[in-house]
Amino acid sequence: MPARPNEAAPAHADPRLAHPLPIDGSELILVRHGQSTADAQGIGQGRSDWPLSELGRLQAEATGRRLAQLGGIAAVYTSPLTRAAATAQAIAAPLGLAPVP
């Protein structure tokens, strides 16, 4: 069980995870990439570099609009995979940000 910000990690915890999260109100929002063309075909993709499907592009754009409504997003980070980078770009655009690879 992870430690709360003001609690010490349990003795059995992985020491790399013992550092508490910041207590300044920061949040980390994780977003999976939109549907890829492999997803649409039922193909497991792993680290293979598949692009977003049209539905995946629409999903990413909708996510960007929703996050823009929430406000307070300081950065968008992405992996180098095409589907992840395209999702990050679609999310970052309405926020006025550029994705960070």
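The buried residues of α3 pack against α2. Keep that pairing in mind as you go. The model on your screen is predicted.

**Stop 1: the whole chain.** Show the protein chain as a cartoon. It contains three helices and zero strands. Starting at the N terminus, the order of elements is α-α-α. Now colour by burial. Of the 101 residues of the protein chain, 22% count as buried. Next, think about contacts between residues at least 6 apart in sequence: 44% of them join residues at least 24 apart.

**Stop 2: helix α2.** Select residues 54-70. How far apart are the end C-alpha atoms of helix α2? They are 25 Å apart, which agrees with the 24 Å that 17 residues should span at 1.5 Å a residue.

Now pick out G56, A60, G64 and L67. These residues of α2 are buried. They cover an arc of only 80 degrees around the axis, so they sit on the same side of α2. An α-helix has 3.6 residues a turn, so residues three or four places apart point the same way. What do the buried residues of α2 pack against? Their partner is α3, residues 82-92.

**Stop 3: R66.** Stay on helix α2, where R66 is found. Is R66 buried or partly exposed? R66 is partly exposed, because its relative accessible area is 46% and the buried class ends under 20%. R66 and L95 are 29 residues apart along the chain, and their C-alpha atoms are separated by 10.0 Å.

**Stop 4: G71.** Step just past the end of α2. There G71 takes a positive phi of about 75 degrees.

**Stop 5: helix α3.** Select 82-92, the residues of α3. Show the side chains of R83, A84, T87, A88, A90, I91 and A92. In α3, these residues are buried. Bring α2 back into view: the buried residues of α3 pack against it.

**Stop 6: the largest pocket.** Rolling a probe the size of a water molecule over the atoms shows where empty space is left. The largest pocket holds about 530 Å³ of space. Its lining has 21 residues. Select I29, L30, A75, V76 and Y77, which lie nearest its centre. Which element gives the most to the lining of the largest pocket? That is α3, with four residues. Finally, colour the lining by residue type. It divides into 13 nonpolar, six polar and two charged residues.

Definitions and conventions. Residues numbered from 1 in each chain as written. Predicted model: local features only at pLDDT ≥ 70, side-chain atom pairs only at ≥ 80, totals over all residues. Heavy atoms only, no water. Helix = DSSP H or I, 4+ residues; strand = E, 2+ residues; numbered from the N terminus. Expected span 1.5 Å × (residues − 1). Buried < 20%, exposed > 50% of the residue type's maximum accessible area, 1.4 Å probe, protein only. Arc of directions from axis to C-beta. Contact = heavy atoms within 4.5 Å. 1 Å grid on protein atoms, 1.4 Å probe; cavity = no way out; pocket = protein on both sides within 12 Å on 5 of 7 lines; lining within 4 Å. Points joined across faces, edges and corners; volume = space filled by probe spheres on them. Nonpolar A, V, L, I, M, F, W, Y, C, P; charged D, E, K, R; others polar.
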